[in-house]
Amino acid sequence: MSYRFPDTFLWGGAIAANQVEGAHLTDGKGLSTSDIQPYGAFGELAERQPNDFNIKDVAIDFYHRYPEDIALFAEMGFTTLRLSIAWSRIFPNGDDAEPNEAGLAYYDKIFTELEKHNITPLVTLSHYEMPLNLAKQYQGWASRETIGFFATYARVVFQRFGHRVKHWLTFNEINVTLHEPFTGSGLPRDCDEQTRFQAIHHQLVASAKAVKLCHDMVPEGKIGNMILGAMLYPLTCHPDDMLKTLTQNREWLMFGDIQARGYYPSYMTRKFTEMGVTLNITEDDKQALKETIDFVSFSYYMTGCASADPEQQDKADANMLQMIANPHLKASEWGWQIDPKGLRYLLNFLYDRYQLPLFVVENGLGAVDVVDEQGAIQDDYRIQYLNDHLYQLGEAIQDGVDVMGYTSWGPIDLVSAGTAQMSKRYGFIYVDRDNQGHGSLKRTPKKSFYWYQSVIGSQGETLTEPQS
Ligand code: BGP
């Protein structure tokens with residue numbers, strides 16, 4: 001039975017500055033932590049050598065081609081676009097006294113272009129990058145001073161764009177520091193738990209301070225958090241597996257719990273004691289954390305299982321996370337387990353927990369696409385993946401969950417965050433560029449482009465019931 005999504009539902013796609021813009025030193029931009037991670041999210045602090053190849057230096061050249069790309073998004077019927085601001089365009093060193101006007105002017109042009117097409121921006125303040133200088137001079141988020149630098153950046157951005165951008169997110173996948181500390185916080189990979197959790201604490205305080213600034217400075221603004229939604233199911237119904245699953249799910253839920261409730265959940269007290277972590281939490285920090293988010297957003301690609309059995313070795317690849325493979329699910333070419341019903345489950349679960357509006361701000365299938373002899377890309381596998389997930393999202397709305405919108409990840413092919421490949425494609429729009437950086441950068445709509453256009457045009461009524 002076809003279902004019509006609410007008229008207020010926002011449809012669109014999600015991109016991140018470092019994965020699309022390129023122009024990594026243009027108009028006064030400083031180096032960011034992403035600029036020294038040529039192999040994707042798995043980086044360390046290093047000096048960039050003059051001849052280093054980093055595919056993100058050009059990425060898909062969105063910096064110069066944004067009018068064409070935004071026009072294509074509009075042609076699909078987008079009502080929203082999630083994008084991030086590169087902090088290092090605004091504060092090239094992170095600790096500069098004044099912002100870089102050329103960086104601000106660039107995003108003004110982007111927002112003007114979006115307004116021309118009636119596309120509402122959803123802006124992430126920090127998506128997997130920070131000014132490199134902060135990682136070098138201050139140990140990234142390990143330093144309390146970084147909170148102040150981030151608050152200054154947020155204030156400048158709200159001041160400049162607050163009259164035209166009403167939807168904001170603080171940190172992309174704020175739980176990633178647990179898995180990739182350099183990507184998440186500018187920390188060394190082998191940092192100890194004390195440093196890691198203190199850095200996470202600083203980031204959570206900075207996030208709450210940005211929420212407060214948004215509430216004070218952006219009339220009618222709404223600001224959310226962003227978590228990597230890493231839902232685990234128990235591998236069996238053995239009570240030990242149930243408890244293990246509870247504990248492991250709390251590792252990512254902790255972030256949402258703090259950001260939505262305004263304080264650390266009680267289960268963290270025992271966890272910190274067992275880890276030997278003693279956080280430095282000031283009275284000012286406690287006060288700051290009380291400023292809570294307006295909505296909860298998350299990325300959703302897969303689910304996995306947890307098991308208390310140490311012999312259980314059947315691991316699944318899972319976007320930087322450790323998960324045990326679910327025998328009932330198939331996986332993508334990159335080993336990520338595909339679970340559309342898991343999206344319905346997660347939406348219900350999070351709504352039960354927070355009673356806040358939810359926004360699915362990333363979801364999609366990374367796949368190798370083939371251009372056929374006619375120059376077309378028949379990406380039926382992507383259509384199926386997205387159809388099935390959106391169908392389950394519609395089910396969740398009918399379950400009573402308040403979902404603000406959906407932005408599929410990478411509506412135009414972009415550089416993979418995890419592997420820095422171009423060949424791991426998510427887009428409705430093909431970009432002619434390979435992993436070595438060869439190609440014309442020409443844009444070509446795929447079959448899924450027209451499919452998504454019809455889904456948006458019908459408010460979801462053309463979605464079909466999944467096969468399984
Ligand atoms: C999320 C990130 C994105 C994005 C996506 C897909 O974790 O927020 O930046 O890239 O995953 O991952 P990948 O690019 O590794 O396929």
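**Ligand shell and a helix pair in a predicted model**

Biologist: Which residues come nearest to the ligand in this predicted model?
Modeller: The structure is a predicted model.

Biologist: How many residues of the shell around the ligand are charged?
Modeller: By class, the shell holds 6 nonpolar and 6 polar residues. The remaining class, charged, has 3.

Biologist: How far is an N or O atom in the side chain of Tyr426 from an oxygen atom of the ligand?
Modeller: Oxygen atoms of the ligand also lie 2.8 Å from a polar side-chain atom of His127 and 3.5 Å from one of Tyr128. For the side chain of Tyr426, the distance is 2.5 Å.

Biologist: What share of the ligand's accessible area does the protein cover?
Modeller: On its own, the ligand has 380 Å² of accessible area. The protein covers 99%.

Biologist: At what angle do H8 and H9 pack?
Modeller: Helix H8 spans residues 193-217, and helix H9 spans residues 239-261. Their axes are 10 Å apart, and H8 passes H9 in a right-handed crossing. The packing angle is about 35°.

Biologist: Which residues in H9 do Phe197, Ile200, Leu204 and Ser207 in H8 meet?
Modeller: The contact of H8 with H9 has 6 nonpolar, 2 polar and no charged residues. On the H9 side, the residues met are Met254, Phe255, Ile258 and Gln259.

Key. Residues numbered from 1 in each chain as written. Predicted model: local features only at pLDDT ≥ 70, side-chain atom pairs only at ≥ 80, totals over all residues. Heavy atoms only, no water. Axes fitted to C-alpha atoms, helices over the stretch in contact; angles between N-to-C directions. Helix = DSSP H or I, 4+ residues; strand = E, 2+ residues; numbered from the N terminus. Left-handed = near helix turned anticlockwise from the far one by under 90°. Contact = heavy atoms within 4.5 Å. Nonpolar A, V, L, I, M, F, W, Y, C, P; charged D, E, K, R; others polar. Polar contact = N/O pair within 3.5 Å; in protein donor to acceptor, adjacent residues only side chain to side chain. Areas by Shrake-Rupley, 256 points an atom, 1.4 Å probe, with all protein chains shown as cover.
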